[in-house]
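Here are my notes for your first read-through. Keep the viewer open and check each point as you go.

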Amino acid sequence: MAKFTKANSVGEWLDQRLNTTALNKVLMTEYWIPKDINFLWAMGVLLATTFGILVISGLFLMMYYKPDVNLAFDSVNYTIMQEVAYGWLFRHMHGVAASVVFLIIYIHMFTGIYYGSYKQGREMIWISGMLLFMTFSAAGFSGYMLPWGQMSYWAAMVITNLFGGVPIIGDALVVWIRGDFNVADATLTRFFMLHVFLLPIVIMGLIGLHFYTLRIPHVNNQSSEDIDFDAEAEKYLSGNKKESKVIPFWPIFISKDLAVLGIFLIFYFYLVFFHYNFAMDPVNFDPADNMVTPAHIYPEWYFLWSYEVLRGFFFDVGPIKAFDIGLAAFGFANAIFLLLPFLDRDPAVLPAYKRPGFNVWFWILMVDLIVLTVYGKLPPTGINAWVGFVSAMLFIILFLVLPIITKADAKKRGA
Amino acid sequence: MSNDTNRRDFLGYTFAAVAAVGGAASLVGMKKVWDPLPSVLAGGFTKVDLSGIKAGEPSTIMWRGKPIFVLKKTAEMENSDRDLVIGNDRFTIAIGLCTHLGCIPAWKKSMWKCACHGGEFDASGKQVFGPPPRPLDLPPFSVSGNTLTLGEEGPEYKKIASAMKA
């Protein structure tokens, strides 16, 4: 055992036992951040805060929510919304945060893509981030089910049915996932477990991993300059703060993050108090009915793009059924972002505006995702079906040509 | 035992084998927890009286929480080898869930149309438009007189099921 002398303060007492001074250095005061980054790099802190809001508001909701097909709808729409003091506030905070968290995730993701932050040495940051996105998607979907309204029910019906596309065991797999022949009480209770326990725990673990992945390659910067963090940190610590290209995360850099967070929270609470309806689909205020499908079902806005890829393929090609093509395309859309660091064949880390071909690719992808999102909400009939098909095809083609485009960019630069 | 395998390796392999058996057994247990409960499996039979059904107006019966379409065909409707023939009447029996993603299609004049993704099924349950990959599914049933029992595989069911496969 280490030698303990009498401590003169609580801080010293903890430091002797937990080495808090060294921990504080590694995590905060000597965690180095490049100076050359803009507000888009604040999204990590925004996401951590939003996740905190989700956990805390979720705890309060869970105290009154009843995971039972006969009670769930009223426990949300009567007990929480009408009886519990400020229950409406916690529900709206939870619902709006669940929607806004995806907006910030998308900004965070596309910032990474634009500045090449997923490349050479930073692959694990990207992969752990995409795993977080997938787990957040699962958490968002399982939570959407819990109020047991019509949209909840049919979303569960459609999503669980997707597993029917698995060869051979598909039908049995769907019954197993639901725990019944259709979406029923067993389905609700197991999704409740996933939403309030298993998925949040997995998310917390992945957040830890995601932070840790930054430790060795460090944060990228606006010009994608390759900074020698050790040398720059040396400069900073020796007092040469002006020349050093880095600053400590705490207390210097965090002040910028907190400024962005302040603006974000104004926007967030504006939504919570004045526009919470955007995260509350009117159809979901009808109790779930397994014998009536709503006229038009669609997911929340953040899933629309992949939903449109799923249903974009509406005709059979030879012996291959449209359903299977759509399902394969959907699987492709959800998995392909994981492989991005390996599809980008340009050996240099550069922001998109310094890579002409990639820059065009990036903005076409942005426009395509917006088109997919808009058409994902419209009924898939007539011309809409064709727009959906073309934009879903374009999405797939973009990823297939990415290695060629990035290779060509590198060649043109003479690399 | 060969010379390069010592007692510590042996203990390691033994532990790994015990852990693998325990791990596999736990997975079986976890899989079974998510299986449908016996009460769910037992509640899977529903009887339907076909005598009161009007031609050309499909009725919907709930079986295992799913809608079942029973349509008595009118004279104008095309015959199909999935028709259930009882006396002079021809019936279409189908699970009323779109074979694309499971929405319930609604009867519009002469066909079932699915609002979700635009799939359409004719009076014989065959897909005629949109993304559905196959005709409406056939629920297992047996027939005695004018009564249909859903959940049991009778000879009429087997005949229609094999005709649909061909």
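1. Start with chain B. Among its contacts (heavy atoms within 4.5 Å) between residues at least 6 apart in sequence, 42% join residues at least 24 apart. For chain A, residues 24 or more positions apart account for 77% of the contacts with a separation of 6 or more.

2. A word on ground rules. This is a predicted model, where local features need pLDDT of at least 70 and side-chain atom pairs count only at pLDDT 80 or more, while totals for chains, interfaces and linings use all residues. Residues are numbered from 1 along each chain as its sequence is written, chains are lettered from A and ligands numbered from 1 in the order in which they are written, and side-chain values use heavy atoms, leaving out hydrogens and water.

3. Now walk along chain B. In sequence order the pattern reads α-α-β-β-β-β-β-β-β-β-β-β-β-α. The radius of gyration of chain B is 25 Å, well over the 15 Å from the globule rule for 166 residues, so chain B is more spread out than a compact globule. That radius is taken over C-alpha atoms, and the rule is 2.2 Å times the number of residues to the power 0.38.

4. The C-alpha trace of chain B spans about 85 × 35 × 30 Å along its principal axes.

5. What about chain A? Its secondary structure comes to 16 helices and two strands. A compact globule of 415 residues would have a radius of gyration near 22 Å, and the 24 Å of chain A agrees with that. The C-alpha atoms of chain A fill a box of roughly 70 × 60 × 45 Å along the principal axes.

6. On burial, 43% of the 166 residues of chain B count as buried, and in chain A buried residues make up 50% of the 415. Buried means under 20% relative accessible area, exposed over 50%, and partly exposed in between, with a 1.4 Å probe and protein chains only.

7. Zoom in on helix α10 of chain A, residues 229–237. Which of its residues are buried? They are A:F229, A:E232, A:A233 and A:Y236. These cover an arc of only 100° around the axis, which puts them on the same side of α10(A); the arc is that of the directions from the helix axis to the C-beta atoms. Their cover includes β1 (32–34), β2 (246–248) and α11 (249–274) of chain A. On the face turned away from the buried side sit the exposed residues A:D230 and A:E234.

8. Check the helix ends too. A:D228 caps the N-terminal end of α10(A), with a side-chain oxygen 3.2 Å from the backbone nitrogen of A:D230. After the helix comes A:G239, whose phi is positive, near 100°.

9. Last, A:T187 in helix α9 (residues 185–215) of chain A. Buried or exposed? At 0% relative accessibility, A:T187 counts as buried. Leaving aside residues up to four places away in sequence, A:T187 touches A:M145, A:R178 and A:N182.

Note on methods: Helix = DSSP H or I, 4+ residues; strand = E, 2+ residues; numbered from the N terminus. Polar contact = N/O pair within 3.5 Å; in protein donor to acceptor, adjacent residues only side chain to side chain.
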